[in-house]
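Please examine the sequence and the three-dimensional structure shown below.

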Amino acid sequence: VAASVVGPALLGAFGTIRVLTNMKLIVAEMDAKMLATNWGKEISSIPFGILKFIFAGVFVAIAIVQLITIY
């Protein structure tokens, strides 16, 4: 039972970290014209480095709560 909770939580956490890392890399590759647009300004102001750990922590916290309620 624990594996059915921990497995998806770890996959979700690592998947979130990977997606947000990729977004950070995409934003880093934008040229000056794209950064000058409203979209470029908004997307470059998102703190992907911080968000990936927050969202991964949410996955882990949910798994911990589920494990506590199961046992």
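Thr-37 has a relative accessible area of 33% and is therefore partly exposed, since this class lies between the limits of 20% for buried and 50% for exposed residues. The model in which this value was computed is a predicted one. Thr-37 is placed in the loop between α2, residues 32-36, and α3, residues 38-44. Along the chain, Thr-37 and Leu-51 are 14 residues apart, and a distance of 23 Å separates their C-alpha atoms.

The next topic is the packing of two helices. Such a pair is described by two quantities, namely the angle between the axes and the distance between them. Helix α1 covers residues 2-28, and helix α4 covers residues 48-70. The two helices pack at an angle of about 175°, and their axes are 9 Å apart. Angles over 145 degrees count as roughly antiparallel, and α1 and α4 are therefore roughly antiparallel to each other. Which classes of residue make up the contact of α1 with α4? The contact has 18 nonpolar residues, four polar residues and two charged residues.

Two glycines of helix α1 may now be considered in turn. Gly-12 is located in helix α1. With a relative accessibility of 15%, Gly-12 counts as buried, because the limit for this class is under 20%. Gly-12 and Ala-56 are 44 residues apart along the chain, yet their C-alpha atoms are separated by 7.3 Å. Gly-15 also belongs to helix α1. Is Gly-15 buried or partly exposed? Its relative accessibility is 30%, and Gly-15 therefore counts as partly exposed. Between Gly-15 and Ala-56 there are 41 residues of separation along the chain, and the distance between their C-alpha atoms is 8.5 Å.

The surface of the model remains to be described. Ile-50, Ile-54, Phe-55, Val-58 and Ile-62 form a nonpolar patch there. Together, these residues have about 440 Å² of accessible area. One of them, Phe-55, is found in helix α4. Phe-55 has a relative accessibility of 39%, and it therefore counts as partly exposed.

How values were computed
Residues numbered from 1 in each chain as written. Predicted model: local features only at pLDDT ≥ 70, side-chain atom pairs only at ≥ 80, totals over all residues. Heavy atoms only, no water. Axes fitted to C-alpha atoms, helices over the stretch in contact; angles between N-to-C directions. Helix = DSSP H or I, 4+ residues; strand = E, 2+ residues; numbered from the N terminus. Parallel < 35°, antiparallel > 145°, perpendicular 65-115°, else oblique. Nonpolar A, V, L, I, M, F, W, Y, C, P; charged D, E, K, R; others polar. Patch = residues over 30% accessible without salt bridge, like charges linked within 9 Å, V, L, I, M, F, W, Y side chains within 5 Å. Areas by Shrake-Rupley, 256 points an atom, 1.4 Å probe, with all protein chains shown as cover. Salt bridge = Lys/Arg side-chain N within 4 Å of Asp/Glu carboxyl O. Buried < 20%, exposed > 50% of the residue type's maximum accessible area, 1.4 Å probe, protein only.
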